[in-house]
Amino acid sequence: MGGYGGALKQLSIGCASAYGKAYIHGAGVPENKWTSDHDSFLEAMADAAKSVHEYFKGQTVYINIMKNMSVDCDCCAVAEDPCMEDIGILISDDPTAIDQACIDLVYHSDDPGRSHLFERIESRNGVHTLEAAAALGFGNRQYELIEID
């Protein structure tokens, strides 16, 4: 539902209790977990991620491993096979920046499998979570990518 899985999704959905997951999916109304407005759900993910990040502020580092990338969430019983070659490992203390960098690396890849990820990200408005996080003053969509061999 989020369009992609990264640091923001793991901070929000990954760290939430069962009730918290329903609260986020329902955009504040757990009973609406499967019927809420989609952009409101993405904004709720950004808000929940910010809460977890603030709780652990200064004590976290985010690691996104861009390996075996599939269009499906790891919570799916039977996920799609990976559709892209591995890109690498990114590390940051800013979850918004690391997710933006991952999205940019997918978009700028010449891997033919990227079209599957494009479709998933765009059909779910996945970038809106990054926009919502930035609007909350949570992280930065600007980053400096430093390659280490």
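Author: In helix 6, the residues H128, T129, L130, A132 and A133 are buried. Buried means under 20% relative accessible area, exposed over 50% and partly exposed in between, with a 1.4 Å probe and protein chains only. Helices (H or I, at least four residues) and strands (E, at least two) are DSSP runs, numbered from the N terminus.

Reader: What do the buried residues of helix 6 pack against?

Author: They pack against helix 1 (7-14), helix 3 and helix 4 (95-107). Contact means heavy atoms within 4.5 Å.

Reader: What is the basis of the model?

Author: This is a predicted model, in which local features need pLDDT of at least 70 and side-chain atom pairs count only at pLDDT 80 or more, while totals for chains, interfaces and linings use all residues. Residues are numbered from 1 along each chain as its sequence is written, and side-chain values use heavy atoms, with hydrogens and water left out.

Reader: Turning to N64, where is it found?

Author: N64 is in strand 1 (residues 62-66).

Reader: Is N64 buried or exposed?

Author: N64 counts as buried because its relative accessibility is 9%.

Reader: With which side chain does the side chain of N64 make a polar contact?

Author: The partner is the side chain of D99, at 2.9 Å. A polar contact is a pair of N or O atoms within 3.5 Å; within protein, one must be able to donate a hydrogen and the other to accept it, and residues adjacent in sequence count only if both atoms are side-chain atoms.
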